[in-house]
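Trainee: I have a new structure to read. Please take me through it, one feature at a time.

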Amino acid sequence: MWQMVQRSFGGPDVFERAEVPRPTPGPGQVLVRVVATSVNAADWKVRSGVNRQLGEPPLVLGLDVSGIVAAVGDEATRFAPGDAVYGMVFGGANAEYVVAQQNRLASVPVSIDPVHAAALPVAGVTAWQALSSVRPGERVLVHAAAGGVGHLAVQIAARRGASIAATARTGNHAYLRALGVTEPIDYRTTDFTTAVREVDLVVDLIGGDYTDRSLTVLSETGQVVAAEGPATHPDSRVRRLYVDPTTAVLDELAATVDRGELTVDIAQILPITELAAAHRRSESGRVRGKIVLTADR
Ligand SMILES: NC(=O)c1ccc[n+]([C@@H]2O[C@H](COP(=O)([O-])OP(=O)(O)OC[C@H]3O[C@@H](n4cnc5c(N)ncnc54)[C@H](OP(=O)(O)O)[C@@H]3O)[C@@H](O)[C@H]2O)c1
């Protein structure tokens with residue numbers, strides 16, 4: 001089988017295609033023939049070496065997977081060969097086949113094609129987890145609302161009856177209003193700390209000084225959920241979020257999509273041979289929605 005490997009940390013051109021033996025799924029694991037994956041910010045952070053969560057090269061990136069079960073390991077009873085599944089792997093999806101833990105997979109939403117389903121796992125589950133506590137009538141502020149996680153977070157918050165402020169460039173404001181944002185803020189011209197207050201939940205997809213500045217806009221019981229930044233924060237109102245895609249959450253996400261309550265927006269679909277271009281575009285920080293990569297040879 002083929003995979004897109006990097007033998008050192010580096011720029012978007014570091015990937016090369018390699019032929020390797022097809023892996024065998026172990027206990028509780030499933031071998032998936034990849035139909036598509038997507039680019040997450042973590043991919044280019046790992047590629048460059050800023051994020052060392054996947055260890056040292058050689059590395060095969062790709063966290064999201066949508067594909068067809070090709071084989072199952074011992075005790076992997078949840079799926080059978082031929083099933084269409086989607087979910088998350090801890091690297092390796094930029095390949096023809098990848099081994100996944102069965103408890104990180106679910107059946108693909110029936111209302112979208114498997115290529116679109118590849119855009120959902122990491123971004124969708126992150127957004128889902130970030131908004132788990134939101135109640136109707138609460139005020140939510142989403143930073144980087146137009147991005148992969150952000151555009152899904154906005155939709156989930158709107159569905160739960162929250163009122164939503166969001167940071168994004170003006171060019172994305174009409175788009176975000178259509179998703180449910182009532183107070184779009186152009187972070188280039190307006191300091192969000194002067195534009196919103198009494199916020200019950202900030203979904204911070206930027207980190208850095210955004211986290212500390214977000215604390216100043218909170219209501220008395222407000223919280224910041226930070227997907228970026230250090231593991232712990234001295235202020236107990238900051239909760240650091242780590243994506244944890246279980247079958248149960250992926251099932252809920254799929255059901256939400258199938259009810260027409262959540263739409264994943266695809267900025268671009270590229271073949272995996274365009275992996276470097278996809279990384280360049282994602283790294284620009286300007287993508288609206290998600291970039292999907294199909295596992296074309
Ligand atoms: N902890 C976890 O488990 C976890 C999971 C998933 C993601 N994350 C992290 O969450 C972050 C967001 O991920 P993503 O996949 O959504 O990223 P993304 O899709 O690459 O985000 C791109 C978006 O960011 C917006 N943006 C850029 N700079 C901004 C700024 N200063 N203020 C407001 N918006 C800005 C852009 O909108 P404009 O063009 O309007 O500026 C663009 O639409 C990343 O840092 C990622 O690593 C963490």
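Trainee: How many salt bridges does the rule count?

Mentor: A salt bridge is a side-chain nitrogen of Lys or Arg within 4 Å of a carboxyl oxygen of Asp or Glu. By this rule the count here comes to 15. Keep in mind that this is a predicted model: local features need pLDDT of at least 70, side-chain atom pairs count only at pLDDT 80 or more, and totals for chains, interfaces and linings use all residues. Residues are numbered from 1 along each chain as its sequence is written, and side-chain values use heavy atoms, with hydrogens and water left out.

Trainee: Which residue meets E19 in a salt bridge?

Mentor: R17 does, at 3.3 Å from N to O. Now check accessibility. Buried means under 20% relative accessible area, exposed over 50%, and partly exposed in between (1.4 Å probe, protein chains only). E19 counts as exposed because its relative accessibility is 56%. R17, at 43%, is partly exposed.

Trainee: Which residue forms a salt bridge with D244?

Mentor: R104 does. The closest N and O atoms are 2.7 Å apart. This pair links distant parts of the chain, 140 residues apart. D244 is in the loop between β14 (238-240) and α8 (247-258). R104 is in the loop between β7 (97-101) and β8 (105-107).

Trainee: Is R104 buried or exposed?

Mentor: R104 is buried, because its relative accessible area is 19%. D244 is partly exposed, at 37%.

Trainee: Which residues are linked with R259 in a network of salt bridges?

Mentor: R159 and E261 are linked with R259 in that network. Between R259 and E261 the closest N and O atoms are 3.2 Å apart. R259 is exposed, with a relative accessible area of 52%. E261 is partly exposed, at 23%.

Trainee: Next, the domains. How is the protein divided?

Mentor: Domain bounds come from an automatic or database domain assignment. Here domain 1 is 2-120 + 264-294, and domain 2 is 125-240. Contact means heavy atoms within 4.5 Å. Nine residues from domain 1 and 12 residues from domain 2 take part in the contact. The C-alpha centres of the two domains lie 27 Å apart.

Trainee: What area is buried between domain 1 and domain 2?

Mentor: The size of an interface is often given as the accessible area lost when the parts come together. Buried area is that loss (1.4 Å probe), summed over both parts. Here the figure is about 810 Å², and carbon and sulfur atoms give 43% of that area.

Trainee: How many salt bridges are counted between domain 1 and domain 2?

Mentor: One. Elsewhere in the list of bridges, K45 pairs with E228, the closest N and O atoms being 3.1 Å apart.

Trainee: And what about polar contacts?

Mentor: A polar contact is a pair of N or O atoms within 3.5 Å; within protein, one must be able to donate a hydrogen and the other to accept it, and residues adjacent in sequence count only if both atoms are side-chain atoms. Across the interface of domain 1 and domain 2, the rule finds eight residue pairs in polar contact, both at pLDDT 80 or more.

Trainee: Where does N172 lie?

Mentor: N172 lies in the loop between β10 (163-167) and α5 (173-179). N172 is buried, because its relative accessible area is 10%. A polar contact of 2.9 Å joins the side chains of N172 and R288. Not counting residues up to four places away in sequence, N172 touches A146 and R288.

Terms used:
Buried area is the accessible area (1.4 Å probe) that two parts lose on being put together, summed over both. Helices (H or I, at least four residues) and strands (E, at least two) are DSSP runs, numbered from the N terminus.
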